[in-house]
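Please keep the sequence and the model in view while reading.

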Amino acid sequence: MKPLVVDNVSKQYGDKTAVNGIQFEVGAGEIYGLLGANGAGKTTTMRMVLGLIYPDDGKILYQGKPYSQEQLKMLGYLPEERGMYPKVKISDQVIYLAQLRGMSRKDADRNLKMWLEKFNISEYYNKKIEELSKGNQQKIQFIAAVIHEPKIIILDEAFSGLDPVNVELLKKTVKELRDSGTTILFSTHRMEHVEELCRNITILHKSNTVLQGNLKEIKKQFTRERVILGTETELKGLEGIAGVRQVNRQEYGYELFIDREETAQAILRHAMSQAELSRFELLEPTLNEIFIRSVGDINE
Amino acid sequence: MNNFLTVIGFTIRNKMRTKSFLITTAIIAIILSIGVNLPYIISQFNKDEPANIGFIETNAPEVTGPLKAYYEGMENPGLKLISYPDTGSGEANEEALRQAIISGDIKGYILFESNEAVGFPKVFYKSEGLMDMGTSGTLSAALQTIKTDAVLQEAGLTEAQELLLRSPIEIETTQISLTDAAVGEGKSADQQGLAMGFVYAMMILLFMGIFVTSQLIATEITAEKSSRVMEILVTSVSPLTQMFGKIFGMFLIGIMQIGVYVAVFVINVTLPHNVEMLEGLNINFADIDPSLYVFAVIFYLTGYFLYSTLFAAVGSIVSRTEDLAQALMPITFLSMGGFYIGIFGMTSPTATFVEITSFIPFFAPFAMFLRIGLTDPAFWEIALSLGLLVACILLFGWLSAKIYRTGVLMYGKRPSFKELRKAMKAYKV
C-alpha cells in the first residue's frame, strides 16, 4: 500500500461542489503534482489530506490507516499563505511547532540548527521572523514544515516569491527529501517546476479531474506538433507542405505547428534542400501547453 | 495531554517575554504600593505645623479670644490663630493681612462683622485657595462650639444637662443574617465597611482578571489567524487542545499577575507603619469572612472560563486584528454590564436588579459575589447561581470549541451566523 492514498474523495460546500471524486496515490520517494487553476479545488483537497476538513465521500489512507491524531505527526505542511509568529524568536517558534508534532525539545533544537546551517542562515537562530527578508522567512517556513522528519509532506506553492538562487536551493532540498523516501504532494502554478520534479500529476479543473497519470505518458498522448528549425537563410514554401498548420519566423529560424508527426520528416527534407540547418527539433508539448489545453478546452 | 502542556508552556513563555506585559505588571504593582502607603504618607505631611490664620486683635475679641484658646487647647490643632494689630482703618487692616499671606506668614484670615439680628457676628474667611472647605469646615465647627459655650454659660444649666446637650447621638448599624438562626450576630459597621472595601477591590480584580485576560486571548487568536500561523497550528494540534491550552496558559498568567499584586499588597500592608495605620483605622483583615476569599476564587474561575471561551470563539472568526474590537463589542458590553452592576449595586446590594442579575450567568460572577459579600443570600441561591454558571460554561465551552474549529479556517470577511452554521455543517464539526 502506498503511503498516501486518496480514494474517490468528494467535498461539498452547501450546494457547491468543491472536489468531485478525486483519486490518486503517492508512493514513497515520489513527488506528486496537484495542478489546477485558482479555485479548482487544490486547497480543499490538501486540507482534506491534512485532516482539517472531512470528505463527504471517499476516504484518505495514510500508510494504509485512516486519519487520526497520530497521523498528524507524520505530516508536514507548507501552506500557500506563509505565516509564522512575527514577534517570536525563530528558535522558539520552530521548536514549538516541532514539539506539537511529537518531537522532543532537544531533537527539535538539533534539527533546527542542522537545517539553518544547511540553508546558510545559522545566524537567524535568535532573530525574530519580522527581522528577516522574505526569502529567508520562506526558508524558515520550509524548515518548520520538515523539521519533524515527516513521512508525508504537503507543499503548496513551495517556491513562490523566491529568487532563482533560492528556488534552486529549495528544489535541491525537495529532491533530497524525495530521494530519502519522503512522500511529497506538490502544488504549484509553475509548470516547469512540475516537469522537473513530479513523476505523476493530476490536473483539476472546476472540482473535476481532467487529466491524470504519469507525466511522460501524458505527454506522449499529446501529438508532438511543434517543429523548430534553426537556420540563418530564408526558407520558402514551408506553408505549402501538407499537414503544416502555422509557420512563425523566429530569431533562431522557424517555428512550425503541424497536424501529424510524419509531417516533420517532410519539413526536414524540404528545409535541407534549401539551406544548411543548425538545428532541427520535433518537440513534445510543454506541460504549460497541456495544462492550458486541458483546462481551456472545457472553458470553451 | 503532551500537546496541551506544550501549548500552555509556549503561551506563558511568550507572554512573559513581552515587554508590555512586564511593564504593565510593574506599573500596577508600583501604583498599588503607593496606594497602600498613601494614608501613611499623607499623615506624615499632616504632622507639619498647623496652618496659620490671621485675625485683627480688636475685631470681635469676644469670639477670637475663645477661638484662639480653643485651638491652643487641642492636642493636634489643624489651625493656629495669629493676631495682627489694628491699624485703625478696615482697608489698611485687610491690606496688612494680604501682605501676610503673600509673605507666607499665614494661609488665610478671618474677619468679623457684627450681626445684630443673630447676636453672633458674621464671619468672613478669606484665603487664596478656591473653596477651602477643610479650613472653613473646622472653623465653622470651632465657632459653633464657642457659640454654644457662650449661650450655655448665660443659661446656667447644670453640668449633667450640659453633658446631655453636648453628647452626640449614637447609631450603631449592624447587618444581620436572616437565614441563620442565631439572633444578635451580624456584621458591625466596621466589618461592613471592610467587607465593602474588600468586595470593591475584588470587583476590580475580577474585572481585570476576566475581561483583560479574555481580551488578550481573543487578540492572540486573531493575530495567529492574521499572521497565518494558524494554518500550521491547526494541522499540528487539534483545535480544541490549542484553544483550551491558550485559555489555560493565559489563566496561569492572569493568576501569576494577580499573585504579584496580592503579594505586593500583603507585603506593604504588613510593613510596621502600615500595621499601625490600619489598627488606627480599625481595619483588621482577619475580620473578613474566610468564605468570601473562597467565593472570590470560585467566581474568578467561573467568570474567567465563561468569558475566555466566548472571547476565544469570537477571536477565531475574525481574520484581521482591526476588526476584532467591533466583533467583540457584544460580549464586551456583557462583561462591562456585569462589572457596573457590581459597582452600582454596592450601595444597594439588596435591590431587585442585583438579585435578578445574580442568577444570570454573564453577570453572576459580579452580582452574586456582591450579594455574598454585602448581604446574606440563602445557600440555595448561591448554589443555583453557580449551577447555572457552570452549565453555561459547559454549553458555551462546547459551542465556542465548535465555532473555533470552524472559524480558524475561514478567511476573508467576518462570517455571519448563517455562514458559520453552514461552514460548521460542511466541516462536520
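In this predicted model, A:I203 stands opposite A:L211 in strand β9(A). On another strand, A:L35 stands opposite A:I203 of β8(A). The pairings of β8(A) are set out below.

| Partner of β8(A) | Sense | Bridges |
|---|---|---|
| β3(A), residues 31-36 | parallel | five bridges |
| β9(A), residues 208-214 | antiparallel | six bridges |

Is strand β8(A) mostly enclosed or open? A residue counts as buried if 20 or more other C-beta atoms lie within 10 Å of its own. Five of the six residues of β8(A), which spans residues 200-205, are buried, so the strand is largely enclosed by the rest of the structure. Strands β8(A) and β9(A) form a hairpin with two residues between them, and A:K206 there takes a positive phi near 45°.

**Domains and nonpolar cores**

Chain A is divided into domain 1, residues 4-219, and domain 2, residues 223-283. The centres of these two domains of chain A, taken over C-alpha atoms, are separated by 42 Å.

The largest nonpolar core contains 128 residues, of which A:V94, A:I154, A:L185 and A:F186 touch the most other members. Helix α11 of chain B, residues 290-317, supplies the largest share of this core, with 13 residues. Another core, of ten residues, lies apart from it and includes B:I56, B:L67, B:L97 and B:I110. In soluble globular proteins, nonpolar side chains tend to be buried together.

Which residues does A:F186 touch, leaving aside those up to four places away in sequence? Its contacts are A:I31, A:Y32, A:G33, A:L34, A:L155, A:A158, A:L197 and A:C198.

**The contact between the chains**

The contact takes 25 residues from chain A and 19 residues from chain B. On the side of chain A that touches chain B, β1 (4-13), α2 (69-72), β5 (75-78) and α3 (90-100) each supply at least two residues. The largest share of that side, four residues, comes from α3(A). By type, the residues of this side of chain A divide into 17 nonpolar, five polar and three charged.

**A helix of chain B**

Helix α15 of chain B, residues 379-407, has 29 residues. From its first C-alpha to its last, α15(B) reaches 40 Å, close to the 42 Å expected at 1.5 Å a residue. Among the buried residues of α15(B) are B:S385, B:L389, B:I393, B:F396 and B:G397. An α-helix has 3.6 residues a turn, so residues three or four places apart point the same way.

Terms used:
Residues are numbered from 1 along each chain as its sequence is written. Chains are lettered from A and ligands numbered from 1 in the order in which they are written. This is a predicted model: local features need pLDDT of at least 70, side-chain atom pairs count only at pLDDT 80 or more; totals for chains, interfaces and linings use all residues. A residue is buried if 20 or more other C-beta atoms lie within 10 Å of its own, exposed if 12 or fewer, and partly exposed in between; C-beta atoms are placed from the backbone. Two strands pair if DSSP finds at least two bridges between them. Two residues are in contact if their C-beta atoms, placed from the backbone, lie within 7 Å. Ala, Val, Leu, Ile, Met, Phe, Trp, Tyr, Cys and Pro count as nonpolar, Asp, Glu, Lys and Arg as charged, and the others, Gly among them, as polar. The expected span of a helix is 1.5 Å times one less than its number of residues. Domain bounds come from an automatic or database domain assignment. A nonpolar core is a set of buried Ala, Val, Leu, Ile, Met, Phe, Trp, Tyr and Cys residues joined through C-beta atoms within 7 Å.
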